[in-house]
Amino acid sequence: MFLHSVNLGNLAFYVFMVFMATLGLWDVFFGFEENKCSMSYMFEYPEYQKIELPKKLAKRYPAYELYLYGEGSYAQEHKILPLTGIPVLFLPGNAGSYKQVRSIGSIALRKAEDIDFKYHFDFFSVNFNEELVALYGGSLQKQTKFVHECIKTILKLYKGQEFAPKSVTIIGHSMGGLVARALLTLKNFKQDLINLLITQATPHVAPVMPLDRFITDFYMTVNNYWILNARHINLTTLSVAGGFRDYQVRSGLTFLPKLSHHTSALSVVSSAVPKTWVSTDHLSIVWCKQLQLTTVRAFFDLIDADTKQITQNSKKKLSVLNHHFIRHPAKHFEENPAIISDLTATSMWVPVKVSKWTYVAYNESDKIYFTFPLANHRKIHTHVYCQSTMLDTNSWIFGCINSTSMCRQGVDLSWKAELLPTIKFLMLRLQDYPSLSHLVVYVPSIHGSKFVVDCEFFKKEKRSIQLPVTHLFSFGLSSRKVVLNTSGLYYNIELLNFGQIYQAFKINVVSKCSAVKEEITSIYKLHIPWSYEDSLTIAQAPSSTEISLKLHIAQPENDSHVALLKMYTSSDCRYEVTIRTSFSQILGQVIA
């Protein structure tokens, strides 16, 4: 009888554990947002021109090939060597195809057409015969050596040209990104052969499945080299992760190690990338139109006008990558933007003395400058927040220095603004700008379009609300709530005691609005200050919106920042924010 009860107890325990594991696996494989990536399409039939390799090289690597991507007439022009563009080399990952280069290659071709081929890129791709290098690492070193030979072969295709390149840009998908980093470990490899490395969903930290010693040894060799030689590595590197949709390579594995003396590396999750703002799965990261558009825009901004190749200036490279992948000010990239701008004295100047202001622009015939004197606001407010629904790239907000009512020149504050899907906004702490006497908002003359500009002054403590997260083992049975009763445009919800990978929560935001005829859009942004893994949720108010709260990277021990829920709201609505533990997502985080 005792043995029977013990067996039943063991069976119940095993059934419970299987249930928990199933619940966690369901969250990993299905508990994420729908695929919001737009498909990228070719406008002409894609062609892959096989590049003839030296006979010795072809004999040494009979299974590998090098291709040049092209479309239509452009592909025909490619067949007449030498080439004249900027070389980019795509490296596929585990079981990947060399044809995955077509999405970014096609988008870059369309961009070149838009500027009448003033600059253009030549996209090469390596055929690794779809080897399963994530399962068997014995081919990784061979792939690395072949890529080295491919780079030298590619550069020879430009021999004799006036603006012949001396280096290539590499895009590595998945394990292809690790192979690219491994190039630096080769004995005879010259670091100057690579001007920029972009990796997509590459597990840099450790293998997803360390199935053999070849993989673990390869990882150890690559990562140890990059750590020990960080002072001498001047290769600008960007690692882009797919977010929670990529259950094959969790984003925590894609973050390059942060070394104090290696400042040329950036790591970001695709959901945080401006103008992308979506999570990608492991394959869609190579064809996601939003992400490929961002990458191509960055490529063209990286071109040096003198050499007609990718710039060798490391500072400019990081500035461009920060502009497109980290924080976009809703302006075209400029290496040295003008800080002082001329303001038109003949335009209409309208003083605004209230602390909260809205202007609806529609068919404006005159340019208008709205001026906000700051002296009185400094006495009672700490911050000013302005937003505009006009998402053009022109300067729109300025600061006057020691002015009475208007100024002929102003400090262009537009570069400090930030772009979101439906608005661009600027927030300033007034004490940081003691020399500014006025804030100026510019409304251009427009015809046939309508947009809204809002500004408000406020005290920081009235817009920052603390919300401690619920206990890990509350199982979602208890919750915590804050109510935002004021009619503000912006709130900061500080998510206290949240910083570990194993934590997971559901946030519910309920918006209740007064009678309004037009559609109201609110944006909720989860901001993780210790890593670039922010995510956005767009909601139409009034509504009830659920947001998942979990991390890719745990908070470092010496980091005192707090995770934030930044809310860009409507003054016509009131908001309630409720948080509760999500046990299924906790299991998913533990299993992943």
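This is a predicted model: local features need pLDDT of at least 70, side-chain atom pairs count only at pLDDT 80 or more; totals for chains, interfaces and linings use all residues.
Visitor: What makes Cys 37 and Cys 288 a disulfide?
Guide: The distance between their sulfur atoms. The cut-off is within 2.5 Å. Here S to S is 2.2 Å, so Cys 37 and Cys 288 count as joined.

Visitor: Which parts does the pair of Cys 37 and Cys 288 tie together?
Guide: Two loops. Cys 37 sits in the loop between α1 (2-30) and β1 (46-50). Cys 288 sits in the loop between β8 (265-269) and α8 (289-301). The pair therefore ties together parts that are 251 residues apart in sequence. Cys 37 is buried, and Cys 288 is buried too.

Visitor: How many disulfides are there by this rule?
Guide: The count comes to 4 disulfides. Number the bonded cysteines of the protein chain in sequence order, and the pairing reads 1-2, 3-6, 4-5, 7-8.

Visitor: How do you know that Cys 400 and Cys 407 form a disulfide?
Guide: Their sulfur atoms are 1.8 Å apart. The limit is within 2.5 Å, so the pair qualifies. The torsion about this S-S bond is -55 degrees, and the link is left-handed.

Visitor: Are Cys 400 and Cys 407 buried or exposed?
Guide: Buried means under 20% relative accessible area. Cys 400 has 1% relative accessibility, so Cys 400 counts as buried. Cys 407 has 8%, so Cys 407 counts as buried as well.

Visitor: What makes Cys 513 and Cys 573 a disulfide, and is it left-handed or right-handed?
Guide: Their sulfur atoms are 2.0 Å apart. That meets the rule of within 2.5 Å, so the pair is a disulfide. The torsion about its S-S bond is about 95 degrees, so this disulfide is right-handed. Cys 513 lies in strand β25 (residues 504-513) and Cys 573 in strand β30 (residues 573-581), so the pair ties together parts that are 60 residues apart in sequence.

Visitor: Why is Cys 513 called partly exposed?
Guide: The class runs between under 20% for buried and over 50% for exposed. Cys 513 has a relative accessible area of 23%, so Cys 513 is partly exposed. Cys 573 has 1%, so Cys 573 is buried.

Visitor: What makes Leu 211 exposed?
Guide: Exposed means over 50%. Leu 211 has 52% relative accessibility, so Leu 211 counts as exposed. Leu 211 lies in the loop between β6 (194-200) and α7 (213-228).

Visitor: Which residues make the nonpolar surface patch?
Guide: Leu 211 is one of them.

Visitor: Which are the edge strands of the open sheet of 6 strands?
Guide: The order is β11-β17-β16-β20-β14-β12, with mixed pairing. The edge strands are β11 (340-342) and β12 (348-351), as each pairs on one side only. The twist averages 35 degrees from one strand to the next.

Visitor: How do you know that β14 and β20 pair?
Guide: Pairing needs at least two bridges. Strand β14 (residues 368-373) and strand β20 (residues 436-443) are joined by 6 bridges, so they pair. They run antiparallel. Pro 373 stands opposite His 438 in β20.

Visitor: What makes strand β21 mostly covered?
Guide: In β21 (residues 450-458), 7 of its 9 residues are buried. Strand β13 (residues 356-362) is joined to β21 by 7 bridges and runs antiparallel to it. Tyr 362 stands opposite Lys 450 in β21. Strand β15 (residues 383-388) is joined to β21 by 6 bridges, also antiparallel. There, Gln 387 has Asp 454 as its bridge partner.

Visitor: How do you know that the peptide bond from Ala 541 to Pro 542 is cis?
Guide: Its omega is near 0 degrees. Pro 542 lies in the loop between β27 (535-541) and β28 (543-550).

Visitor: What is the phi of Ser 174?
Guide: Phi is near 55 degrees, a positive value in a residue other than glycine. Ser 174 has 5% relative accessibility, so Ser 174 counts as buried.

Notes. Residues are numbered from 1 along each chain as its sequence is written. Side-chain values use heavy atoms; hydrogens and water are left out. Patches are made of residues with over 30% relative accessible area and no salt bridge: like charges are joined within 9 Å, nonpolar side chains (Val, Leu, Ile, Met, Phe, Trp, Tyr) within 5 Å. Accessible areas come from the Shrake-Rupley method with a 1.4 Å probe; for residues, only the protein chains shown count as cover. A salt bridge is a side-chain nitrogen of Lys or Arg within 4 Å of a carboxyl oxygen of Asp or Glu. Helices (H or I, at least four residues) and strands (E, at least two) are DSSP runs, numbered from the N terminus. Buried means under 20% relative accessible area, exposed over 50%, partly exposed in between (1.4 Å probe, protein chains only). Axes are lines fitted to C-alpha atoms, for helices over the stretch in contact, and angles run from 0 to 180 degrees between N-to-C directions.
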